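This report is meant to be read with the sequence and the three-dimensional structure at hand. Please keep both in view while following the text.

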Amino acid sequence: MNEQNDKKLSRRQLLVSAGKTGISIAAAGAASYLLYDAKGPKAGVEYKEHVILKNFSVQHRPDQTMSIAKGSDRAETLNKAIKLLGGIERFVRPGETVAIKPNVAFASPPMLGATANPELVAEVVRLCYSRGKAKKVIVTDNPINDPASCFALSGIGKAASAAGAKVVLPKAKFFKHTTLAGGTLIKDWPILFEPFAKVDKVIGIAPVKNHHRAGASMTMKNWYGLLGGRRNIFHQDINTIIAELAMMVRPTLVILDGTEVMMTNGPTGGSISDLRRANTLIASTDCVAADSYGCSLLDMKVSDLPYLAKAEKAGVGTTDYESLKPILATVS
Amino acid sequence: MGLVPYRARRLESVISICLLAVLFLIGVGVFIKQFDYNTNQYGIQQLGVSLISIGAGLVPTGFEMLSKVEVYNSENLYEKINGKAPLYIESGFKELSTQRFVNINDRSLWMELYTYDMGTVKNAFSVYSIQRRAGSEAFPPMQLGTPQSGNPFAYRTDNALYFVHGRYYIEIVGSSESGELFSAIAEVARKIQANLAAGLDASIAELAMFPQENLVPGSIKLYLVNAFGFEGLTNTFTAKYKSGNETVTAFLSKRADSKDAEVIAESYRSFLIENGAVIKNTTSKTIVGKVMDFYGTTEIVFTAGPFVAGIHEAENQQAAEKLAKILINKLNSLNNE
């Protein structure tokens, strides 16, 4: 041993070391005390943070609630339908942030019509930027199964990005719990919230599809994509959950794409033979009215879809879409 | 206790730093590992039980795997097919394995293979038949599916191939109508047929119980539960027949015995009457009291030994009664064998 190793600690050094040790122990204890949850998690679910989606709707215009554009080119019918409602400027103001919620439920090629058409989504993004002068447009959905693949293989991710939108894939931290006032199913349930928390407007885009459980999947069913958790339990009461989703989400505008309609084997489809060309696109501020019209594209009646009457009863919109005097146009 | 020498304290510091470094590395390891968890515990498995034995052998020529095999059970099937999950689960679904393949030279050409293990050939036939696309083309070249005279249990559309392989119902869905892609789809189907053990010895006896004359090819469907919205009608086969310019639907359901068949038939007739049906007159003695008008369509419900059978929603009463008589005779002849 050399001289240095034999050196003894001075009293001062000892006190300093002891002091540091004491402070460390005290800090750890204090932190533990502050973080300690004496009650622990309760049985059932109780969360401190509950959220409510804000109302994104715009001022009602009696004669400009719903438009129906006929034509095979989605970009043209979209532009026409929105123009008939007063133009995108009515819905998106300069500097606003817009969230677009297309149906991206499956990792399915666009040709099969199981998801929103990517070119239609891209055209809405372009409109928001070019005419609406939006500051930012995001495109999001919660497909549950491999969202990245769903956005990639449906073509929506690439098309939306190319049009300038930010594609937001769902992450666990984006989900917050909500309870729908007057709801029976949406109680303390996680929803995809964060992407919608700071936006000014919300636009839903959905294809017209046959749906094995719900009868049909259109703009109201599209909000199912916001649900987190084991949302399949709601299949037991599909009509109520769709009606409650329509109560929960008050969008700025919905776009129902009936250019090609999935007539059979929905919601997944799988064959182009499941599709029928109807060359119809609906834009509306009333999702109940839009879906009620959409029934006709599926050779269904409004009464075939009980969720429409439930939503109407809840004051979401009207199934009597003709009373809204929808504006019709054909794009040659 | 004496004070610690400086060298010993330095050694302690080094050891402490090493321990902290180890703890840090463990933390990093846990952080990284959480993104590569054992998905078996959460429903999605890395390798499908049903496809694992075949492995990469399914990849068609000129293609490569685009995704790993994913496996879904009845708990998480909805994650893959959403609202269509109940159709499978109510039909005895066990497991779904999926995998995608992509063309090496043209990435726009890809396909997804869905292998539904339905437990029995009957369950597989049920989901196959219920979803069969009207007007689709039978796909007999490879005699896919359960061997059955005139019923290869396989059909194609422009972009996809659907078939029953023993207890499996299989869909191979292509991303386009490309002929090259469909050739690859057919190649995958052949490989499945050759390599996936499926218990092909099982057959569906009821298929041969329908009269063959005027039977629309590929029209037989099997509803395992809730046929025509009536809970009591389980295990019910339907078949379409040409009658002039019209189509008439016949059905049959084999029960435990003739007594059970009578009970179910009577319950179903009562169900129809409760929902608005009224008994119609008929000149045919064998079905007197069994012909009903249901909002302008004709319903006939009768029994033949252990079978509940009849005609469903026929536009034309005469055509319905004619087919009903043929079906009664056929079933009675089978009962007498």
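Which residues does Gly225(A) touch, not counting residues up to four places away in sequence?

## A glycine in chain A

The model discussed here is predicted. In it, Gly225(A) touches Lys101(A), Asp141(A), Asn142(A) and Arg231(A), leaving aside residues up to four places away in sequence. Gly225(A) belongs to the loop that connects β9 (215–217) with α8 (238–248) of chain A.

Is Gly225(A) buried or exposed? Its relative accessible area is 8%. Because buried means under 20% relative accessible area, Gly225(A) counts as buried. A further relation concerns Ile144(A), which is 81 residues from Gly225(A) along the chain; the C-alpha atoms of the two are separated by 8.4 Å.

## Chain B as a whole

Chain B contains 7 helices and 15 strands. Of its 337 residues, 50% are buried. The accessible surface of this chain is about 16,100 Å², and carbon and sulfur atoms account for 54% of that area.

Contacts within chain B can also be sorted by separation in sequence. Among those between residues at least 6 apart, 59% join residues at least 24 apart.

## The sheet of chain B

Chain B has an open sheet of 7 strands, arranged in the order β9-β10-β11-β15-β14-β13-β12 with antiparallel pairing. Its edge strands are β9 (221–223) and β12 (278–279) of chain B, each of which pairs on one side only. Strands of a sheet pair through backbone hydrogen bonds, either parallel or antiparallel.

## Strand β14 and its partners

How many bridges join β13(B) to β14(B)? There are 4, and the strands run antiparallel. Met292(B) stands opposite Glu299(B), a residue of β14(B). The hairpin of β13(B) and β14(B) has 2 residues between the strands, and Tyr295(B) takes a positive phi near 50° in it.

With β15(B), β14(B) pairs over 6 bridges, again in the antiparallel sense. Phe302(B) stands opposite Ala309(B) in β15(B). The hairpin of β14(B) and β15(B) likewise has 2 residues between the strands; in this case Gly305(B) takes a positive phi near 60°.

Why is β14(B) described as largely enclosed by the rest of the structure? The reason is that 7 of its 8 residues are buried.

## Helices on the sheet

Helix α4 (residues 121–131) of chain B lies across β9 and β10 of chain B. Its direction is at about 115° to β9(B).

Helix α7 (residues 317–336) of chain B packs on the sheet. The strands of chain B touched by α7 are β10, β11 (246–254), β13 (291–294), β14 (297–304) and β15 (307–314). The direction of α7 makes about 15° with that of β14(B).

## A nonpolar surface patch

Which residues make the nonpolar surface patch of about 490 Å²? They are Leu20(B), Val22(B), Leu23(B), Ile26(B) and Val30(B). One of them, Leu20(B), lies in helix α1 (residues 6–33) of chain B. Leu20(B) has a relative accessible area of 57% and is therefore exposed, since exposed means over 50%.

Methods: Residues numbered from 1 in each chain as written. Chains lettered and ligands numbered in written order. Predicted model: local features only at pLDDT ≥ 70, side-chain atom pairs only at ≥ 80, totals over all residues. Heavy atoms only, no water. Pairing = 2+ DSSP bridges. Contact = heavy atoms within 4.5 Å. Axes fitted to C-alpha atoms, helices over the stretch in contact; angles between N-to-C directions. Patch = residues over 30% accessible without salt bridge, like charges linked within 9 Å, V, L, I, M, F, W, Y side chains within 5 Å. Areas by Shrake-Rupley, 256 points an atom, 1.4 Å probe, with all protein chains shown as cover. Salt bridge = Lys/Arg side-chain N within 4 Å of Asp/Glu carboxyl O. Buried < 20%, exposed > 50% of the residue type's maximum accessible area, 1.4 Å probe, protein only.
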